[in-house]
Amino acid sequence: MSVLVQCQLCPKGCVIRPGQSGECRIRVNIDGRLAAVTYGHPCSLHVDPMEKKPMFHFLPGTGILSLATVGCNLHCKNCQNWEISQENPENVPADELPPEMLPGLAKRHQCRSVAYTYTDPVVYYEYALDSCVRVREAGLKNVLVTAAYISQEPWKKLLQFVDGAKIDMKSMSEDFYRDVCGATLRPVLDATVTAKSMGVWIEPTNLVIPTLNDSDDDFRKMAKWIVENLGRETPLHLSRFFPNYQMKNLPPTPSETLDRGRDIAMAEGLYHVYIGNISLPGAENTYCPSCKKLLVERRGYEVLQNNITAGKCPACNKEIPGVWQ
Amino acid sequence: MKRRGFLRLSLGALIGDPLLWAFEKVAPVRYTEALRARFYPGPIRTMDHRRISRPGYWAG
């Protein structure tokens with residue numbers, strides 16, 4: 001019997017010695033078997049506004065029970081949540097919450113959906129999978145907030161129970177993924193297309209980092225790829241970067257850069273491009289792509305008005321894709 | 001089969017079999033799904049519904 005195990009959950013394919021973990025810190029070789037040691041133990045558990053994910057075309061104005069365990073398979077130098085994503089479970093307190101208790105907890109806090117977020121649900125895959133099954137059975141919805149760096153087979157299995165996904169599209173450059181995140185781009189694009197093909201509602205987010213992924217060409221490439229592979233109705237979120245973790249040498253993203261990114265993405269054909277992590281007038285509102293009527297007005301994480309009626313613009317009757325009910 | 005062919009095959013098996021056996025011993029066993037561990041290696045805290053009802057500190 002071999003004592004080495006190889007985890008094939010994500011494209012890294014870590015070969016793990018006995019008693020050690022993969023790069024994610026939480027998938028451990030115990031006596032020649034791979035074990036997920038954070039199963040049923042979220043280190044972070046909160047009711048967030050849906051807009052915080054951000055998901056703008058998915059049950060706007062509702063609360064979403066959001067959970068994470070420690071660990072991540074990526075090691076982004078700019079990680080905003082590095083204190084839990086790049087930490088060992090031994091050092092982080094956790095709640096005890098088996099999947100079967102999750103729907104009850106969501107209902108107790110008046111949530112219609114559950115988010116697997118903060119770190120990356122890919123690494124606590126088994127917990128997310130079992131939870132998604134229970135949550136779906138209870139008539140609630142599941143949302144993944146993920147970098148989508150995962151192998152195809154387990155991804156497809158999980159997606160059967162997922163309603164929405166906020167996918168981090170960090171860049172369209174392999175070099176960026178390698179140098180900044182310790183990963184590769186291709187599996188992320190493949191996973192995103194797979195999610196779309198399985199009917200999951202997708203809202204990609206691009207954290208715009210000065211000098212690293214903020215050129216006209218960067219914005220153009222990403223928007224073009226989204227239009228061609230996910231459809232022009234897919235909302236894109238451009239998010240402001242703040243210096244953090246191992247990337248404190250760069251300044252916060254100027255608002256002009258985000259404005260420029262939005263203009264380029266919309267010129268490429270995207271209907272809905274939002275700007276987040278910064279307060280810019282109207283940048284978080286949803287407008288009808290046809291008649292330009294204000295459909296959803298937002299300020300921060302708050303929905304001030306929502307005029308979408310049965311998934312359509314009340315003025316011109318154009319269908320606005322999303323999960324509204 | 002001629003005697004020379006038989007000897008070659010036997011020699012190949014004599015060398016190849018232990019190599020295969022040794023490879024099996026050191027080659028990793030592949031898993032996609034992990035065992036659901038029963039015990040968390042870190043500290044367990046009491047569930048606090050007031051904390052849960054507030055938005056999380058973390059991004060996402």
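**Close-up 1. Arg25(A) in its loop.** Arg25(A) is found in the loop of chain A that runs between strand S2 (15-16) and strand S3 (27-30), where helices (H or I, at least four residues) and strands (E, at least two) are DSSP runs, numbered from the N terminus. Although Arg25(A) is not a glycine, its phi is positive, at about 80°. Arg25(A) counts as buried because 21 other C-beta atoms lie within 10 Å, the class being defined by 20 or more other C-beta atoms within 10 Å of a residue's own, against 12 or fewer for exposed and the range in between for partly exposed, with C-beta atoms placed from the backbone. This is a predicted model, in which local features need pLDDT of at least 70 and side-chain atom pairs count only at pLDDT 80 or more, while totals for chains, interfaces and linings use all residues. Residues are numbered from 1 along each chain as its sequence is written, and chains are lettered from A and ligands numbered from 1 in the order in which they are written.

**Close-up 2. Thr211(A), a residue with positive phi.** Thr211(A), which is not a glycine, has a positive phi of about 75°, and lies in the loop between strand S10 (201-208) and helix H7 (216-229) of chain A. Thr211(A) counts as exposed because it has 8 C-beta neighbours inside 10 Å.

Close-up 3. Lys53(A) and Pro54(A) are joined by a cis peptide bond, with omega at about -5°. Pro54(A) belongs to the loop between strand S5 (44-49) and strand S6 (63-68) of chain A.

**Close-up 4. The side of chain B that touches chain A.** In chain B, 28 residues are in contact with 46 residues of chain A, contact meaning that the C-beta atoms of two residues, placed from the backbone, lie within 7 Å. Helix H1 (3-26), strand S1 (29-31), strand S2 (35-36) and helix H2 (49-53) of chain B are the elements that give two or more residues to this side, and S1(B) gives the most, with 3 residues.

Close-up 5. Strand S1 (residues 5-7) of chain A runs parallel to S1(B), and 3 bridges join them; two strands pair if DSSP finds at least two bridges between them. Within this pair, Val5(A) stands opposite Val29(B). The open sheet has 3 strands in the order S2(A)-S1(A)-S1(B), with mixed pairing. S2 of chain A and S1 of chain B stand at the edges, each with a single partner strand, so one side of each is left without a neighbour in the sheet.
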